[in-house]
Amino acid sequence: MKDPNNIRGHWKTTIGFLLAAAGSAIGLGNIWRFPYVVGTNGGAAFVLLYLFAVVLIGYPLMVTELTLGRESQRNPVGTFKKLAPNTPWWLVGALGVLAGFVILSFYSVVSGWALSYFFKALVGHITEEKCFVDMFIYHVSHPVTPIIWHGVFMGLTVAVIALGVVKGIERFVKILMPLLLGLLFILVIRSVTLPGAGAGLIFYLKPDFSAITAQTILSALGQSFFSLSLGMGAILTYGSYLSPKHKVNDNAVWIMGLDTFIALIAGFAILPAVFALGFDPAAGGGLAFITLPGVFATMPGGTFFGALFFLLLSIAALTSAFSLLEVVVSWLVDEHKWKRPKAAIVLGVLIFVLGVPASLSFGVLEHIKIGDMIFFDFLDFLQESFILPLGALLTAIFAAYIWKAKRTREAANSSVGLIKLGKMFDILIKFIVPLAIIIVMVFGLIDKFSKEPAVETYMEEDCIEETADYGEMEVIIDER
């Protein structure tokens with residue numbers, strides 16, 4: 001008799017799969033990063049470039065990962081072992097497993113901040129605060145509190161993954177994703193009805209093409225790539241739980257559409273309020289934990305809406321964390337025959353341990369650096385500049401030239417719904433997608449090593465107005 005803990009299983013419903021995959025993509029990158037990237041890149045013109053990049057780059061990669069996963073019915077390592085046996089290509093899958101492990105270690109730290117701020121908002125600490133920079137610095141540099149919240153977040157993630165694909169991930173995303181949408185729409189209604197919100201709507205909806213620069217284009221390419229959870233094995237792993245009847249091409253559109261829709265709606269929830277209350281839309285990484293608390297502090301009903309926002313942020317982080325941990329757990333279950341609960345608990349503990357120095361690097365370990373980066377920033381740099389883009393690039397090359405673009409396209413079309421891929425897919429996956437990823441990688445590295453560290457400035461007599469990036473405290477989360 002087979003051990004039920006080791007049965008891979010399949011998604012019970014298509015809607016469950018779509019919500020799980022969309023939840024993987026809809027993370028801190030959409031609720032937090034997208035609005036501030038829009039703000040720092042000129043508004044509506046950036047949004048149009050982003051949508052264009054999602055179609056040309058995001059969709060072919062999404063189809064590719066779903067197809068490879070569905071064809072192999074294995075984790076990322078097992079996928080490449082099965083589709084290219086006796087070759088080193090399994091290392092691409094190993095890169096995805098490494099990505100899940102590394103990203104979740106510091107992603108959980110930031111998600112713990114969101115959980116903590118949710119409870120701060122509930123008890124009114126946010127609307128009582130006068131200096132949100134100090135509040136943020138005090139919180140993240142504390143040697144104990146952020147680690148406790150990091151542990152709480154990892155505990156929630158482990159508990160769901162240990163239950164399995166259907167009883168765990170699928171069951172909870174069916175609750176969390178509708179809740180996320182409902183909270184987001186409540187915040188949108190409050191934001192767009194504030195006096196003065198019209199300026200934010202104009203900024204967000206009326207393109208100023210003179211604002212487009214080379215950096216704007218690069219930012220749009222990068223956001224389209226990172227916001228869809230591509231290159232980390234998550235979409236491939238979720239695709240491995242699809243049965244042959246699932247329509248990959250149609251599903252990819254739904255996932256991409258939900259992810260983009262949430263990102264766009266998040267802009268409506270945040271940017272009009274930022275403009276209405278006189279804050280800076282180009283606030284950068286401090287938007288969620290420094291600028292928005294200031295917005296809620298001056299907004300009617302700020303305690304309620306602040307709590308809603310940080311609950312929303314926590315839910316988005318949790319649905320992404322499910323997919324990150326699932327990548328690593330599926331590897332142990334498939335390749336090493338571990339029982340799922342054991343794999344989830346052991347890996348959850350190891351990931352938590354790796355996250356501890358990442359959290360402490362803002363305080364007691366801030367002087368221990370790798371190059372000029374604290375440990376948290378090093379992990380972020382590692383995944384953003386190398387692990388994710390390299391994983392996506394090698395996956396595209398594998399699908400285009402090793403497994404062959406035509407074969408990938410035919411496999412995707414084997415269960416056709418409304419969309420059937422044509423030869424344009426071959427051109428995209430062979431040339432356009434790899435080139436775009438290389439450009440993002442190269443120019444991202446150039447930008448990283450050429451710019452001077454940001455220096456924080458704010459008015460001491462009114463530090464609520466602080467909205468700029470915070471040097472080493474700047475946090476950039478690009479998954480999804």
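The stops that follow pass through aromatic pairs, charged side chains, a glycine in a loop and a surface patch. Please bear in mind throughout that this is a predicted model.

**Stop 1: aromatic rings**

Begin by selecting Phe-296 and Phe-310. The count of aromatic pairs comes to 27. Phe-296 and Phe-310 form one of these pairs, with an edge-to-face arrangement, 6.5 Å from centre to centre and 70° between the planes. The two residues are 14 residues apart and link distant parts of the chain: Phe-296 belongs to helix 14 (residues 287-297), and Phe-310 to helix 15 (residues 302-336).

Phe-309 counts as buried because its relative accessibility is 3%, under the 20% cut-off.

**Stop 2: lysines over tryptophan rings**

Select Lys-342 and Trp-338. The charged end of Lys-342 sits over the Trp-338 ring, 4.4 Å from the ring centre. Then select Lys-81 and Trp-90, where Lys-81 lies over the face of the ring at 5.8 Å from its centre.

**Stop 3: salt bridges**

Side chains of opposite charge can pair when their charged atoms come close. In this model the count of salt bridges is six.

Select Arg-74 and Glu-335, whose side chains meet in a salt bridge of 2.6 Å, N to O. This pair links distant parts of the chain, 261 residues apart: Arg-74 is in the loop between helix 3 (44-72) and helix 4 (76-83), while Glu-335 is in helix 15. Arg-74 is partly exposed, at 26% relative accessibility.

Next, select Glu-326 and Arg-340, which form a salt bridge of 2.8 Å, N to O. Glu-326 lies in helix 15 and Arg-340 in helix 16, so the bridge ties together parts that are 14 residues apart in sequence. Both Glu-326 and Arg-340 are buried. Return briefly to Lys-81: salt bridges with shared partners join Arg-74, Lys-81 and Glu-335 into one network.

Finally, select Lys-174 and Glu-170, whose salt bridge has an N to O distance of 3.6 Å. Both residues lie in helix 9 (residues 165-192), four residues apart, about one turn of the helix. Lys-174 is partly exposed at 35%, whereas Glu-170 is buried at 2%.

**Stop 4: a glycine in a loop**

Select Gly-363, in the loop between helix 16 (340-360) and strand 1 (369-370). Gly-363 is buried, with a relative accessible area of 15%.

**Stop 5: a nonpolar surface patch**

Select Tyr-401, Ile-402, Met-424, Ile-427, Phe-431 and Ile-432. These residues make a nonpolar surface patch of about 550 Å². Which helix supplies the largest share of the patch? Helix 19 does, with four residues. Helix 17 (375-402) and helix 19 (424-450) each supply at least two. Within helix 19, centre the view on Ile-427, which is partly exposed at 41% relative accessibility.

Key. Residues numbered from 1 in each chain as written. Predicted model: local features only at pLDDT ≥ 70, side-chain atom pairs only at ≥ 80, totals over all residues. Heavy atoms only, no water. Patch = residues over 30% accessible without salt bridge, like charges linked within 9 Å, V, L, I, M, F, W, Y side chains within 5 Å. Areas by Shrake-Rupley, 256 points an atom, 1.4 Å probe, with all protein chains shown as cover. Salt bridge = Lys/Arg side-chain N within 4 Å of Asp/Glu carboxyl O. Buried < 20%, exposed > 50% of the residue type's maximum accessible area, 1.4 Å probe, protein only. Phe/Tyr/Trp six-rings, centres within 6.5 Å; stacked < 30°, edge-to-face > 60°. Lys NZ or Arg CZ within 6 Å of the ring centre and 35° of its normal.
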